[in-house]
Number of protein chains: 2
Amino acid sequence: MPNRDISKSVIKRLPVYLRILDNLIRRDVEIISSKELSLESGFTAEQIRKDLAYFGAFGTRGTGYNTAYLREKILKIIGLDKKTNIIVIGAGHLGTALTRYNASKNPYVNIVAVFDKDPHLIGQKINQIEVLPVEKLHDVIKRHMIKVAIIAVPANEAQEAVDGIVKQGITAILNFAPAKLHVPEGVHVHNADLTIELQSLIYYCSAEEERLSRLRHETGEPKSSKMLSLD
Amino acid sequence: MPNRDISKSVIKRLPVYLRILDNLIRRDVEIISSKELSLESGFTAEQIRKDLAYFGAFGTRGTGYNTAYLREKILKIIGLDKKTNIIVIGAGHLGTALTRYNASKNPYVNIVAVFDKDPHLIGQKINQIEVLPVEKLHDVIKRHMIKVAIIAVPANEAQEAVDGIVKQGITAILNFAPAKLHVPEGVHVHNADLTIELQSLIYYCSAEEERLSRLRHETGEPKSSKMLSLD
DNA sequence: TAGATTGTTAATCGATTAACAATC
DNA sequence: TAGATTGTTAATCGATTAACAATC
């Protein structure tokens, strides 16, 4: 009943709160206000309170939030209260780096195996995690009840890979391939598109310069106190 | 004048259009309608037309968009019409993978160098790109007029690294460190937070199950035709 | 009680969608 | 001209912000 399709933006902020709480607890901070959380997260205090209120009332009026308690609650909300088994598809450079990264930095997930179709890569170990042939997909997904996969294959192989794992029961995909994936209803895809992030960032550099130059042209005022006066 | 602070969401979609156009041109498709672009991108045709209209009128009524022409325009808008020089901070596993990835997959950027403070890594080459000590930051940034950096250092070193490069003139940062970065006005940060993407994805798995179980409990109807009837 | 901060409702803002006139 | 599709304005929707009553 409380859970009537909460927006993606809210869900994306929950792990941010979780990380901040983890850090606070490590520093033995026991109570935190939404205002302080705002400072740490960059989101407004009102937004934080509203986000949490979608799921319940976890704070104490006049005081703030107990860090350990709120952490527990957020873990339960996201579904991280028990380790999630996941697999990685693609044991190339990126797949290997992502596997290592999550194995060492993400305590809430457990990478069961990495899959590849290149015979040269099969049998290798990445931080103790085995690289298996795609033929083993079915077995591993069934045995470990896996629902979540990371896709780290080339763009032209991504759709095929996704079709395969979706057929085996995967319902959540973190996609690093620069390709639009088509999935049936009920399967969730998050795109982590490094190229797009970088390219859209570049817009802001050039835009900055262009804005300045356009400004100079339109106002007809060539001397700007903000620029080096080389002329 | 046409460029009155266009929203982040619009800017994030431009590289998607670019990629689709690159693919279409490779397949010798010369004309594309917003409706077809919608199919390839997952965004609505109206949204695509509106996005492009922020920057000008690039299509032909009754016909559609010329792929090569639109590509050129988008390149200019983003600022990818000439290669952008960038640097990577951090030559660990992730930094190495990101460097390799961009060097081979992103034709619009040129990674000039990778920086690290670990003496063991200095002098190594990643796809022909040298790993340099942080002392060389100043020189390289100045010589290659670098404005964009990728941060791939551990979370606890990220702020320090950012302070350093911002002082040297970096104005755009793609941050892979799981930390909130504080930067002065005018510096743009895009967070590419792999952990957050993965964790928020997990919400949707558990939410799905919970929704089902909540449904079962609330309706008091234990037999569901969608479940295996093991009982 | 006074001070503080949450939880929640109302107001505002911005982005997406719908509609349609312009025009190829 | 008829058919198609863009470019643009208006309507809707959703998310963020502001305000404040509840309450510790």
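A residue is counted as near a molecule or strand if one of its heavy atoms lies within 4 Å of that partner.

## Surroundings of DNA strand C

By this criterion, 24 residues surround DNA strand C, and the closest are Ser34(A), Arg49(A), Gly59(A), Tyr65(A) and Arg61(B). Of the atoms of DNA strand C that come within 4 Å of the protein, 62% are accounted for by sugar and phosphate. The model is a predicted one, in which local features need pLDDT of at least 70 and side-chain atom pairs count only at pLDDT 80 or more, while totals for chains, interfaces and linings use all residues; side-chain values use heavy atoms, with hydrogens and water left out. Residues are numbered from 1 along each chain as its sequence is written, and chains are lettered from A and ligands numbered from 1 in the order in which they are written.

Both chains supply polar contacts to DNA strand C (pairs of N or O atoms within 3.5 Å; within protein, one must be able to donate a hydrogen and the other to accept it, and residues adjacent in sequence count only if both atoms are side-chain atoms). In chain B, an N or O atom in the side chain of Gln47(B) is 2.9 Å from a sugar or linking oxygen, and one in the side chain of Arg61(B) is 2.8 Å from a base nitrogen. The elements giving two or more residues to this surface are α3 of chain A together with α1 (8-26) and α3 of chain B; helices (H or I, at least four residues) and strands (E, at least two) are DSSP runs, numbered from the N terminus. The most comes from α3(B), with four residues. By class, the surface near DNA strand C has three nonpolar, 13 polar and eight charged residues, where Ala, Val, Leu, Ile, Met, Phe, Trp, Tyr, Cys and Pro count as nonpolar, Asp, Glu, Lys and Arg as charged, and the others, Gly among them, as polar.

## Surroundings of DNA strand D

DNA strand D is surrounded by 24 residues, of which the closest are Arg61(A), Ser34(B), Arg49(B), Gly59(B) and Tyr65(B).

A polar backbone atom of Gly59(B) is 2.8 Å from a phosphate oxygen of DNA strand D. In chain A, the side chain of Thr44(A) has an N or O atom 3.5 Å from a phosphate oxygen, and that of Gln47(A) has one 3.0 Å from a sugar or linking oxygen. Two or more residues each are given to this surface by α1 (8-26) and α3 (45-53) of chain A and by α3 (45-53), β2 (59-60) and β3 (64-66) of chain B. The largest share, four residues, comes from α3(A).

## Domains and sheet of chain A

The domain assignment, from an automatic or database source, divides chain A into domain 1 (8-78), domain 2 (84-192) and domain 3 (194-231). The centres of domain 1 and domain 2 of chain A, taken over C-alpha atoms, are separated by 31 Å.

Chain A has an open sheet of seven strands in the order β5-β6-β4-β3-β7-β8-β9, with mixed pairing; two strands pair if DSSP finds at least two bridges between them. Its edge strands, β5 (125-126) and β9 (188-191), each pair on one side only. Strand β8 (residues 172-175) of chain A pairs with β9(A) in the parallel sense over four bridges, and Asn175(A) stands opposite Asn191(A).

## Sheet of chain B

In chain B, seven strands form an open sheet of mixed pairing, ordered β6-β7-β5-β4-β8-β9-β10. Because β6 (125-126) and β10 (188-191) of chain B stand at the edges with a single partner strand each, one side of each is left without a neighbour in the sheet. Strands β4 (residues 84-89) and β5 (residues 109-116) of chain B pair in the parallel sense over six bridges, with Thr84(B) opposite Val109(B).
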